[in-house]
Amino acid sequence: MLNPEFKKNLLRLLAENARRPLEDMADRLETTPEKVADAITELEEANEIVGYCALIDESVLPEAAVKAIIEIKIRPEREGGFDRIARRLSKFPQVTSLYLMSGGFDLMAEVRGATLNDVAMFVSSKLATIDGVLSTATHFLLKKYKEAGKLYEEEETNERLQVTP
Amino acid sequence: MSDCKSPRNFVSEHIDILPKSGIRKFFDIVSTMKDVISLSVGEPDFVTPWTIRESALFSLEKGRTSYTSNLGTLSLRKAVCDYLAQDYGVEYDPKSECLITVGVSEALDLVIRAITAPGDEIIFHEPCYVSYVPEIRMAHGVPVSVNTYEKNAFALDPDDLEKAITPKTKAILLNFPCNPTGAVLTYEQTRRIAEIACKYDLLVIADDIYSELTYGERTPCIATFPGMRERTVLLHGFSKAFAMTGFRIGYACGPRKVIDAMMKIHQYTMLCASVTAQDAAEEALKNGRPVMASMRQEYLERRNVIVKGFNEIGLPCLNPNGAFYVFPNITSTGMSSQDFAVELLKRKSVAVVPGDAFGECGSGYIRCSYATSMEGIREALKRIGDFVKEIKAEQK
């Protein structure tokens, strides 16, 4: 069992930047790199760390250059609720995120494709036609300002005085 | 024009003999150099949290650009008093016991001028913030320093304090967590200092500007000890905890009579603090605390890194529980603090502040601020390590 305070701080550090050197995390949290490595393995095995990825400028990746948010209304099923349809939707590689939502619709999917047409075709031919899907509304993303806590345009930094009391 | 005399020295003697800040001297050297990594900065490297900046903008948008009450807006004073009651366990009346000032610097000036008659002694601990001695001198008071030592983790020893008291002593000025040492007081030390203040009927001026930046358990505010609320003036502000140095906003809370006297000086010299800054400060207290907590966590992690780094280099460094400074001991290099800082700057372009800029007993130490990025800290440590190796090799 990891110390809860240590676990919280370690997860926070990794969530901010998963590529930190083990030594950096160890120094910050007053422990050794070995202990940090063991803790990370433990968290991965417990599925508390599900995976790692980089936040990228998608325009450099042609196959994922277009992104859309799809609002999906579905008919919940006796016993299965929303889960069966959600699992089915989530298996499509084009669906990069999927959330069950409160409010005016049920599922929110993030869908990626190479062109507007690719995304539109995927939604109309695959998502909308699944039995139980009542309606979809597609919103194409035009510009990304911030994602996962990171700004895509850095704030201007002001020069501080080099020496102050 | 033959009657025109050559101008005499118009500057009054007590100001003329006042030395310039040791930090300032150092700044003049640093400012001529390029690509310096600075560990000499006494302000957060974070920009003010957005929710606070956004409130300042909104305040301007609404056209709030006039004077406020001399004491400050009542809503900010209420927010301050609620905050102190909740976080520090000491209650003040926002209408008569709280004064909003232009930073803690102004609050300190006001309280010292309000209480000091010529010849009154004010005790403070060294090494300390650079403005204490000049502030007391400018008010025609007599600064009486009590040294603090590395062996006591730079905390003020109550016995040493008691020895410095004379019939002319008026007040004790405390600054824990301390700039430049990062030292904090224990519960027991605070309790004994409170007892001494009561025994000798002294006022305590508590410069608590760094108190949110305490790592681990925070020592209770001295005003909460028996008999202390009526003899403590609490000085606090937004600069450090909320990264608002440029807003210049602080406050003083204390017994009505002293606050009233401070208000008179403030009224005639400053009128009021900037209304934009006051509105921003109110937002800081209402919604800025989560961001403050995350900044504190980042400082704590940097402290862990810098303390380990200095000890590995062979410059013994305590693990201070407050502020964002470490005060490593450099005597093993055989150099004076001034020489160490100047040579380090010349050879490795790393700026640190010589410890004796904060009082004679700071010699043999340097002040390093960890209010700079982790990359900067790591690079500075590497360069300081190389520098110490070079120095030791040259001495052989």
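# Burial, packing and pairing

User: Why does B:Arg302 count as buried?

Analyst: B:Arg302 has 24 C-beta neighbours inside 10 Å. The cut-off for a buried residue is 20 or more, so B:Arg302 with its 24 counts as buried. This is a predicted model, and the count is computed from its atoms.

User: Where does B:Arg302 lie, and which residues does it touch?

Analyst: B:Arg302 is part of helix 11 of chain B. Leaving aside residues up to four places away in sequence, B:Arg302 touches B:Tyr370, B:Met374 and B:Ile377. B:Tyr370 is 68 residues from B:Arg302 along the chain, yet their C-alpha atoms are separated by 6.4 Å.

User: What makes helix 11 of chain B roughly parallel to helix 13 of chain B?

Analyst: The axes of helix 11 (residues 289–313) and helix 13 (residues 374–395) of chain B come within 10 Å and cross at roughly 10°. Angles under 35 degrees count as roughly parallel, and therefore the crossing makes helix 11 of chain B roughly parallel to helix 13 of chain B.

User: Which residues meet where helix 11 and helix 13 of chain B touch?

Analyst: Helix 11 of chain B brings B:Arg302, B:Val305, B:Ile306, B:Gly309 and B:Ile313. Helix 13 of chain B brings B:Met374, B:Ile377, B:Leu381, B:Ile384, B:Gly385 and B:Val388. By class, this contact has eight nonpolar, two polar and one charged residues.

User: How do you know on which side of helix 2 of chain B the buried residues lie?

Analyst: The buried residues in helix 2 (residues 22–30) of chain B are B:Gly22, B:Ile23 and B:Phe26. They cover an arc of only 95° around the axis, which means they are on the same side of helix 2 of chain B. An α-helix has 3.6 residues a turn, so residues three or four places apart point the same way. The buried residues of helix 2 pack against helix 12 (337–348) and strand 11 (353–354) of chain B.

User: What makes strand 6 of chain B mostly covered?

Analyst: Five of the five residues of strand 6 (residues 203–207) of chain B are buried. B:Leu203, B:Ile205 and B:Asp207 are on one side, and B:Val204 and B:Ala206 are on the other. In a regular strand the side chains alternate between the two faces of the sheet. Both faces of strand 6 of chain B are therefore covered, since the residues on each side are buried by the cut-off of 20 or more other C-beta atoms within 10 Å.

User: What makes strand 2 and strand 4 of chain A the edge strands?

Analyst: Four strands of chain A form an open sheet in the order 2-3-1-4, with antiparallel pairing. Strand 2 (95–100) and strand 4 (133–140) of chain A each pair on one side only, and they are the edge strands. Within the sheet, strand 1 (residues 66–74) and strand 3 (residues 107–113) of chain A pair in the antiparallel sense over seven bridges. A:Val66 stands opposite A:Gly113 in that pairing.

User: Which strands of chain A does helix 4 lie across, and which does helix 5 lie across?

Analyst: Helix 4 (residues 83–90) of chain A lies across strand 1, strand 2, strand 3 and strand 4, at about 165° to strand 2. Helix 5 (residues 116–127) of chain A lies across strand 1, strand 3 and strand 4, at about 20° to strand 1.

Key: Residues numbered from 1 in each chain as written. Chains lettered and ligands numbered in written order. Predicted model: local features only at pLDDT ≥ 70, side-chain atom pairs only at ≥ 80, totals over all residues. Axes fitted to C-alpha atoms, helices over the stretch in contact; angles between N-to-C directions. Helix = DSSP H or I, 4+ residues; strand = E, 2+ residues; numbered from the N terminus. Parallel < 35°, antiparallel > 145°, perpendicular 65-115°, else oblique. Contact = placed C-beta atoms within 7 Å. Nonpolar A, V, L, I, M, F, W, Y, C, P; charged D, E, K, R; others polar. Buried ≥ 20, exposed ≤ 12 C-beta atoms within 10 Å, placed from the backbone. Arc of directions from axis to C-beta. Pairing = 2+ DSSP bridges.
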